[in-house]
Amino acid sequence: MDTKEKALSLHEKNKGKISVNSKIEIKDRESLSLAYTPGVAEPCSRIEKNPKDIYRYTSKGNMVAIVTDGSAVLGLGDIGPDASLPVMEGKAILFKEFAGVNAFPICIDSKDEDTIVNTVKIIKSSFGGINLEDISAPRCFTIEERLKKELDIPVFHDDQHGTAVVVLAGLINCAKLLNKALANMKIVINGAGAAGIAITKLLNKVGIKELVLCDRKGAISKERDDLNWVKTDMLEITNINNETGELRDILKGKDVFIGVSAANIVTGDMIESMGKDPIIFALANPVPEIMPDIAKDNGARVVATGRSDFDNQINNVLAFPGIFKGVLEINANEINDDMKIAAAEAIASVIQDNKLSEKYIIPDVFNKNVTEVVAEAVKKAYQKVK
């Protein structure tokens, strides 16, 4: 069987990938009376008197809701909430396997912003954190911002911030490897959706000034009259020289290309036109913006993709398990920029400086140290400002 057939067989045989398992054994009347009636009344009463005791007596403190409307599923697009459930179950497995965090899919049959926000607000009592997933731009930005303001638990859109954190981690190590100042890098980000916007914002937060964001029409500049509100807002922190033109034009002389866009849109001659020792993060999946061998043959010094069969995989699983593990352990009520930067620095630090190479600028996704290092860094960053 090929991969598709194996995947179908796995899902059919197991009727999905997740289940609810009891932490305790119900073996006699006493254990039943303690777990349910009449014993359960006591923790209920305690929580009614002190709502914070919900973290003491229930699973809330280690439970994440994976919320989607299925409108922007990676590689599949707008497939709807039903068809997105296998992806969300897979995400729940990653939470559990990599961080010991329980997570449950919440697939909402609506694309209405108010409906999604209100649904999450209504169910929030059961969860210690909200992971937004595969919601299309620009709605994903406003949904996240509204929930961050209206909930007292952390909200994190992984498509945005998980990607941004791992990209930053990779760039930190590229800067070390190539002896370049991160803040002085000239960077082009192609793809102005959720990931591209978040990557740009986080890179700006760490002091990188020369950032040009591109979409399928080229550079997002002050000369454009076709920009939505998100892209217009990005002009406040990008394209300080008001560069115009197509991606081919914008790449000339730049140090870094970060693609979160479409397959095969970068050519070898475009890589040749970049600055010395260019860094290429071609993250479109399953086919990157340029294949690693072509990029290297045309002068790329470091190449990363989103694929597991190439060196330097930029994978969100390096970020979100540890981030949520950290915030849940201390009952944090937010995930802020300082915590994201701390997570990126922690991921980068897993690789010792003398071990860095062009083929090894980001830890392997199965490196067991990553989750713990990230969790500790996130907790310290949160506690520093509280």
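The largest cavity is lined by Ile187, Glu210, Leu211, Val212, Asn239, Ile240, Asn241, Glu243 and Lys254, a cavity being a set of points on a 1 Å grid over the protein atoms alone where a 1.4 Å probe fits but cannot get out, with lining residues having an atom within 4 Å of a point. The model is predicted, with local features requiring pLDDT of at least 70 and side-chain atom pairs counting only at pLDDT 80 or more, whereas totals for chains, interfaces and linings use all residues. Residues are numbered from 1 along each chain as its sequence is written, and side-chain values use heavy atoms, with hydrogens and water left out.

The space in the largest cavity amounts to about 50 Å³, and its lining comprises four nonpolar, two polar and three charged residues. The second largest cavity, with a volume of about 40 Å³, is lined by Tyr55, Gly61, Gly128, Ile153, Pro154, Val327, Leu328, Asn331 and Ala332, of which six are nonpolar, three polar and none charged.

The second largest pocket (an open set of points with protein on both sides within 12 Å along at least five of seven lines) has a volume of about 480 Å³. Of its 17 lining residues, Ser19, Val20, Asn21, Lys96 and Asn102 are the closest to the centre. Both α5 (80-99) and β2 (102-107) supply at least two residues of this lining, helices being DSSP runs (H or I) of at least four residues and strands (E) of at least two; α5 gives the most, with four residues.

Tyr36, in the loop between α2 (29-35) and α3 (41-49), counts as exposed because its relative accessibility is 57%, the cut-off for exposed being over 50% (1.4 Å probe, protein chains only).

How values were computed:
Buried means under 20% relative accessible area, exposed over 50%, partly exposed in between (1.4 Å probe, protein chains only). Grid points are joined across faces, edges and corners, and a volume is the space filled by probe spheres set on the points. Ala, Val, Leu, Ile, Met, Phe, Trp, Tyr, Cys and Pro count as nonpolar, Asp, Glu, Lys and Arg as charged, and the others, Gly among them, as polar.
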